[in-house]
Amino acid sequence: MSSEIRVTIDGVVHTVASGSSAGELLRQLANGVRPIAARVNGKLVDLSRPVTEDAAIEPVSAESPEGIDILRHSTAHLMAQAVQTLYPGTQVTIGPTIEDGFYYDFAPPTPFTVDDLPKIESKMRELVKADLKVQRVEMPRQEAIALFDSMREKYKVEIIQGIPEERVSLYRQGDWVDLCRGPHVPSTRYLKAFKLTSVAGAYWRGDEHNAMLSRIYGTAFPSKEALEEHLRMLELARARDHRKLGREMGLFFFDPLAPGSPFFLPKGAIIYNQLIEYMRRLYRRYGFEEVITPQIFKNQLWRTSGHWEMFRENMFLTTDGENAAGELDYGVKPMNCPSHALMYRSEKRSYRDLPLRLADFGRLHRAERSGTLHGLTRVRAMSQDDAHIFCTEDQIADEIDRNLRMVREVYDALGFGAIELKLGTMPDKHLGSVEQWRQREEVLGGAMRRNGFDFELNPGEGAFYGPKIEIYVPDALKRKWQAATIQLDFNMPERFDLEYTASAGSRARPVMIHRAVLGTLERFIGVLLEHTAGVLPFWLAPEQMRVLSLSEKVEDYAGEIARLAREAGFRASADIRNEKLGFKVREAELARIPYMAVVGEREAAARAVSLRRLRGEKSQSLSLEAFIEMLKAEPLPC
RNA sequence: GCCGAUGUAGCUCAACGGUAGAGCAACUGACUUGUAAUCAGUAGGUUGCCAGUUCGAUUCUGGCCAUCGGCUCCA
């Protein structure tokens with residue numbers, strides 16, 4: 001073994017003694033850096049890691065993405081140490097970092113509550129002050145199992161038993177130790193800016209049949225300033241919560257008598273219906289035909305479709321009252337696909353009819369578990385911009401293309417920059433052969449690539465009847481919600497025995513594609529409100545223009561302007577109350593009205609308006625005709 | 001459904017084992033207004049619901065309902 005090695009730091013090669021730590025080498029040979037970890041030959045390691053071979057060494061700063069991740073992971077350890085110190089008998093499980101923070105799942109004698117957080121935080125600060133060295137220890141797997149077994153950490157034992165490597169690494173700080181791959185900060189004193197944010201229940205290994213653990217969420221940053229900035233951002237995001245905006249803007253409300261079922265007030269209904277009208281215009285261009293289908297079906301339909309088996313617990317069941325035994329022999333539809341299958345089957349179909357694209361804004365009801373409801377984004381009563389495409393297997397690729405183009409057009413038009421696509425692949429329970437699945441997954445993947453979409457795999461998350469494209473959009477707090485979806489279905493046509501006559505006169509089975517672009521309108525509106533902070537594009541704004549009068553003397557003129565705007569097809573009103581202009585402006589701003597037309601005696605005399613735009617700094621004077629023309633020039637997305 | 005929390009006037013929030021209060025909104029009046037809140041007055045509540053403890057419960061306890069943060073599920 002050579003006693004000298006060559007290390008490259010900042011592009012300069014140094015010859016040094018083997019065995020110095022990465023931290024020492026960086027301190028001596030790199031200029032003025034204060035790393036919390038190091039990257040040696042591309043691999044993240046502790047600063048204390050000895051370097052024993054030729055290597056390129058880079059510092060990892062607390063501010064770098066990897067550094068922040070290490071900081072958060074180390075803070076999770078710090079929290080676990082504090083928790084086990086304060087609550088003896090608590091077992092540790094896992095504590096990963098997540099976007100913007102970390103969590104750690106514990107098995108405590110009694111679940112934690114938010115009241116425990118300040119106590120834990122102050123114990124963490126004590127441990128930071130104690131400046132405990134964080135040391136890596138490697139040992140054979142069996143030895144680690146014995147160690148954690150002696151500590152009665154049964155979850156850790158289970159985790160290590162699942163690790164294939166023969167040696168595992170542990171990290172020790174003070175008298176506390178945890179299994180961990182690392183790396184970590186050199187000492188607890190590096191952890192200066194953290195906050196515990198919430199507690200939650202979480203199932204061991206994410207399975208609801210397992211024990212419920214007690215999870216504590218927290219976050220950490222390289223500096224107090226960065227932490228405070230993050231907390232400020234969270235505050236701002238909460239101001240954009242669609243539930244808050246819905247109340248403030250008078251769009252919708254909920255009543256405990258219909259849990260999970262929004263009531264859309266007149267203004268909210270405008271947004272809802274404008275989105276539907278937008279989709280209808282697109283349908284004309286993209287070749288969809290809208291249909292209207294029943295709401296309630298005999299259970300026989302759900303047995304045929306498979307919903308009885310797969311979805312019954314999420315269905316509202318009912319009866320027409322004529323059933324002598326009092327059975328719930330009808331089900332309220334949770335999806336439109338069975339109706340469309342019946343519609344397909346209502347006529348003899350030829351290959352010349354395909355693709356048949358049936359669109360449906362029908363109302364759907366799903367008995368979602370009570371704990372899962374969430375404002376407009378997770379509801380029990382909803383409509384989707386739903387459609388089912390019946391086509392031949394050869395037509396699938398074209399249809400996927402068509403729908404991906406539609407997705408792009410819609411999300412661009414509505415200003416969603418950051419949509420996330422995933423390909424849900426073959427689940428454990430599936431119909432069809434692995435080869436068929438791989439080929440069909442490739443059809444979807446190929447279509448996404450062809451249309452210039454990046455996507456990730458969502459392994460095993462396809463439907464049992466076929467793979468699917470899932471499109472996610474984030475809310476104000478970066479939670480992802482699935483909106484658009486495109487799913488291939490080879491099962492439903494089978495169950496309903498759907499057929500078409502092929503060109504050769506033979507019988508063939510069509511493929512069914514389930515797809516939605518906005519997804520559920522309720523959810524979409526929720527996410528859209530959070531994206532726009534309620535400042536909607538002109539065509540979606542519930543009230544597009546409001547005339548603000550300065551005094552009683554111009555009441556008539558104000559009313560006339562609103563009337564002219566309404567006659568031109570706009571949603572307009574006049575505020576002729578006895579209030580100061582500032583007050584009226586403020587209310588119009590809070591209602592997010594795109595245009596405010598201020599009129600006083602000056603404007604009335606000149607038949608003009610003083611135009612103020614929403615969130616506008618200054619006003620602009622223009623003639624009444626020019627103003628109406630300006631409204632008319634506002635674009636529709638299509 | 002599970003874990004934790006919350007529920008007081010339309011909204012945002014106080015208070016408390018002994019008759020529940022503010023700001024905004026609503027209503028009435030005055031002011032006649034120039035680009036994000038004019039002033040004054042009036043009215044508004046079985047403190048989510050149902051039990052229990054207590055001389056007395058909005059407050060303490062239990063159950064239920066709803067909501068919020070997560071988990072699971074999912075558009």
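Which residue has a polar backbone atom 3.3 Å from a base nitrogen of RNA strand B? That residue is Val-199, and the rest of this report looks at the chain around that spot.

## What you're looking at

This is a predicted model, where local features need pLDDT of at least 70, side-chain atom pairs count only at pLDDT 80 or more, and totals for chains, interfaces and linings use all residues. Residues are numbered from 1 along each chain as its sequence is written, chains are lettered from A and ligands numbered from 1 in the order written, and side-chain values use heavy atoms, leaving out hydrogens and water.

## The protein chain

Chain A has 19 helices and 34 strands; these are DSSP runs, H or I of at least four residues for helices and E of at least two for strands, numbered from the N terminus. Its C-alpha trace spans about 90 × 75 × 55 Å along the principal axes. Of its 638 residues, 52% are buried, that is, under 20% relative accessible area with a 1.4 Å probe, counting protein chains only.

## Around the RNA

Some 61 residues surround RNA strand B, with Tyr-203, Ser-370, Gln-482, Arg-586 and Ser-610 the closest; a residue is near the strand if one of its heavy atoms lies within 4 Å of it. Sugar and phosphate make up 52% of the RNA atoms that come within 4 Å of the protein.

Helix α17 (581-590) is one of the elements supplying at least two residues of this surface, and with seven residues its share is the largest. Elsewhere, Arg-586 puts a polar side-chain atom 2.5 Å from a base nitrogen of the RNA, while a polar backbone atom of Ala-483 is 3.5 Å from a sugar or linking oxygen.

Methods
Buried < 20%, exposed > 50% of the residue type's maximum accessible area, 1.4 Å probe, protein only. Polar contact = N/O pair within 3.5 Å; in protein donor to acceptor, adjacent residues only side chain to side chain.
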